[in-house]
Amino acid sequence: MWIRQVSRQIQFAAKPSSLANSLVAINHSSAIKTALINCCLPITLSTPSRPTLYNQMAPVQRDIFSMLAMRGKKKKKEEEEPKKVVENETVSLDDEEEVPSAAKSSEAKQLNSNSNKSEEGSQLKRKRAIIEDDEEDDISQPVKVRKTKSSPSSSPKKRSASVTPPTSPKKANSKSTSPIKKPITAASSSGTEESENPSAVKSDSDEEYEAMEPDDVEEDKAELINLAKLDTLKPSVKLSTKLVSGKPIPYSAVVEVFAQIESTTKRLEIIKYTSDFFLTVLNNNPNDLIYVTYLFINRLGPDYEGLELGLGETILIKTIAESTGKSTVHVKAKYRETGDLGEIALKARSTQPTMFKPKALTVMDVFKNLKEIATTTGNNSQAKKIGIIKRMLTASQGLEAKFIIRSLESKLRIGLAEKTVLISLARALVHFQSTSKKGPSVEKALEAEEKIKEAFCQVPNYQVIIETALEHGVLTLDKHCTLKPGVPLKPMLAKPTKSITEVLDKFTGEEFTCEYKYDGERAQVHLLNDGTVKVYSRNSEDMSQRYPDIIDAVQGFLQPDQETKSLIIDCEAVAWSREENKILPFQVLTTRKRKDVELKDIKVHVCLFAFDILCLNGEPVINLPLKKRRQLLQKTLKEIPGKFQFATSKNSTDVEELQAFLDISIKDSCEGLMVKTLNNDPYRPSQRSNSWLKLKKDYLAGVGDSLDLIVIGAYYGKGKRTGTYGGFLLGCYNQDTEEIESCCKIGTGFSDDVLKSLYEKLQPTELSQAKSYIIYDSSAEPDIWFEPTVLFEVLTADLSLSPIYKAGIATLGKGVSLRFPRFMRLRDDKGIEDATSSDQVVEFYERQAHQQN
DNA sequence: GTGACACTGTACC
DNA sequence: ATCTGACACATTCGG
DNA sequence: CCGAATGTGTCAGATGGTACAGTGTCAC
């Protein structure tokens, strides 16, 4: 039987990896698997990844390309809003650019040559590059000052006044740029006009590309690159919103920075804009920095405080519809087109007449409003929330509406997130606190970055970090912000790995260990000095309410002779059957209540599998190597079978042995293995460090089934998937009834190109409604139905009983769906009758359930 | 008012 | 959770 | 020895299923 399947798979396997998969999926003999791993997977690994056109471009080509693109933009703008760009002004601007660029490049070269020698050096180099940009900032800031001075009509910017880096003659020249900026400034301060032309603000960049041309022609390639790069960096110079020292930061300033950030994809540039702005805030009104930071990371407070907006797409659409006087249908249609609710709100707003000019929103206003939305609960709370949003929208000017909505969606989508904010904060703070006129040295800046990252991992609370940094200085953060029981720290994460050989590859010459990867929930258990116990999730949410049983039992886990007062351990909480003494599937664990769990009516029992210790009696131990930590862990705690156990582990470097261990782990209801180095690395909170790897069974083992499913519908893409389908609804074929039963959605595994071609391929087969032989649940109804013609090969980790999908529902009473489905490839060699049948799906499901006994 | 149910949001993976 | 794409950086290759 | 080509690591943002919790709605 399986031989036939194998030959079928061989026939269609596109690449060795999927061949290996298919084969392994059918036969569990570890010898075969090992052989496959050894001969097939390495081949795949060395295959170069699909190059895209852009990737194929040489850097120079890319730079030229982007420069041209930028010029195109500028040209447009000039056409749109003709302004008095006087020639000599543009020239002088040009000068300004050139000088720093030359200086910078030579510096950079020096750095390069220094740092190539060692790994540390090269890291240094990278970071230096970032920091040097900063110095450029300093240069640019005076520019702003002068601009304002020379052009009274533009809002006076105190912003840079307090920064006051040394002003050199070169900078003096650059002031002449001010007139260029004026029109924009005027527009944004007048608000309403500008909102009709949102691109104006965003573009707020520079217009004088022609001035550069003569230079370009003469310069050699290297210079060209520098110019192009500088060119893209320039917009950060301009902030049209005025900031007044001591006064609250206007929200419009934040929005303006968001717009700048959104206009680029370059990380260094983003960091520059952000840190620039943070520094400005520090100089004007340090107390607002925390609010600004929260707006940038789009959060309301530390994760462990558990504040939620309680708003989603649906309610936002309703709100936008209400506040703009359009129907929800209309808004939804627009959403399809643009994939961005913020944009819709903005456009709708700009066409709305404004009776009187509302008071400008401040950063504080917005943050407080968001917080109010989050804390509003109870009857009629939704209406109240909508009311608050409407108020904000009414008060919004310019681009503000767009970002208010995006904030409410919890997706800023501007290419900036936590990590970048942290780096930017570090740079802003270190500049702010630097005593030297020139700003901090490169080394200091790097140090600050490290310190703040480290501190944040141990105390993930921006308010604490910022306050501490302001009080004691960024550079001593490590002394004041260390982990302590009661405050969750960012857990260490593992990197996915595709094969045992890959693991061996990465860990050659290292001593390492393997542990079971339990299929449960990460649980960071804290025991405080006063005996309190807290449990935190992977994302630092407080789960104490969910696990009163754990809290109750922790004291009993301690070795009696150790007198342990406090500790933090890292565990996986797994559902446990006390009757059969075995691990239960993840799906069982999720049925546990999350709040108000009473000890007496717990139905789903839990066994904690501990694998690490992070703090003991108030002393952080994260800097010890794993070997030591494990010893500590086992010395401090004792196993109580079925309640508290140490993760099963094994040290080996033998492929066969590891393979066997992996197989056993899966038989023992685990997801696979975690592989960790024993000696080298300390516990590195939050990093997907190279010293922890996860070896996932679904790439190697039998349950990682690949199915061929029928595409029966699709969903409109949002954000960067606007204009194509963002996901698809898939079904399997029931041979008895000749119906198609919905099975899962799928939205990952596509490259952009594939997504595009799928759109072209499927769009002609769109139907106005579902074919009658399609069985589905209304809650998984797609935006678009298709004539079923196309099959996807889909990989999955697990199968689950589903409340909404229908595959095999006749046999099992519930449908079966897929856990972690991902697209592998298009099966255009097969017809829909060759799709995986409902029976097969059921078979897969039962085999999986059976396997774990 | 109360309870059942639907819908939405958010957490986990 | 999975996955891709863009960047920044690291390393190797060819003249 | 330099620049080009190729490889690697990090980050951000698309998207998956499922369960509970909270709110809204409606019938009684």
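1. Second largest cavity. In this predicted model, the second largest cavity has a volume of about 60 Å³. The structure holds 9 cavities of 30 Å³ or more. Lining the second largest cavity are Tyr294, Ile297, Arg299, Gly301, Pro302 and Asp303, together with Glu418, Phe456, Pro460, Asn461 and Tyr462. By class, that lining divides into 6 nonpolar, 2 polar and 3 charged residues.

2. Aromatic pairs. The count comes to 25 aromatic pairs. One of them is Phe278 with Phe296. Their ring centres are 5.0 Å apart and their planes stand at 65°, so the pair is edge-to-face; the cut-off for that label is over 60 degrees. Phe278 sits in helix H17 (residues 267–284), and Phe296 in helix H18 (residues 289–297).

3. Surroundings of DNA strand D. How many residues surround DNA strand D? There are 42, and the closest are Gly378, Gly415, Thr420, Arg594 and Tyr805. Of the atoms of DNA strand D that come within 4 Å of the protein, sugar and phosphate account for 91%. The surface near DNA strand D has 11 nonpolar, 19 polar and 12 charged residues.

4. Elements that supply this surface. Two helices are listed: H23 (381–395) and H25 (418–433). Three strands are listed as well: S15 (739–746), S20 (798–802) and S21 (815–819). Each of these elements supplies at least two residues of the surface near DNA strand D.

5. Phosphate contacts. Gly415 places a backbone N or O atom 2.4 Å from a phosphate oxygen of DNA strand D. For Thr420, an N or O atom in the side chain is 2.5 Å from a phosphate oxygen of DNA strand D. Leu801 also has a contact of this kind: a backbone N or O atom lies 3.3 Å from a phosphate oxygen of DNA strand D.

6. Strand S12 and its partners. Strand S12 (residues 688–696) is joined to strand S1 (residues 493–497) by 4 bridges, and the two run parallel. Pro496 stands opposite Lys694 in S12. Strand S11 (residues 670–677) is joined to S12 by 5 bridges, and here the strands run antiparallel. In this second pairing, Val675 stands opposite Leu693 in S12. As background, side chains in a regular strand alternate between the two faces of the sheet.

Key: Residues are numbered from 1 along each chain as its sequence is written. Chains are lettered from A and ligands numbered from 1 in the order in which they are written. This is a predicted model: local features need pLDDT of at least 70, side-chain atom pairs count only at pLDDT 80 or more; totals for chains, interfaces and linings use all residues. Side-chain values use heavy atoms; hydrogens and water are left out. Two strands pair if DSSP finds at least two bridges between them. A residue is near a molecule or strand if one of its heavy atoms lies within 4 Å of it. A polar contact is a pair of N or O atoms within 3.5 Å; within protein, one must be able to donate a hydrogen and the other to accept it, and residues adjacent in sequence count only if both atoms are side-chain atoms. Ala, Val, Leu, Ile, Met, Phe, Trp, Tyr, Cys and Pro count as nonpolar, Asp, Glu, Lys and Arg as charged, and the others, Gly among them, as polar. On a 1 Å grid over the protein atoms alone, a cavity is a set of points where a 1.4 Å probe fits but cannot get out, and a pocket is an open set with protein on both sides within 12 Å along at least five of seven lines; lining residues have an atom within 4 Å of a point. Grid points are joined across faces, edges and corners, and a volume is the space filled by probe spheres set on the points. Rings of Phe, Tyr and Trp (its six-membered ring) pair if their centres lie within 6.5 Å; planes under 30 degrees apart count as stacked, over 60 as edge-to-face and the rest as tilted.
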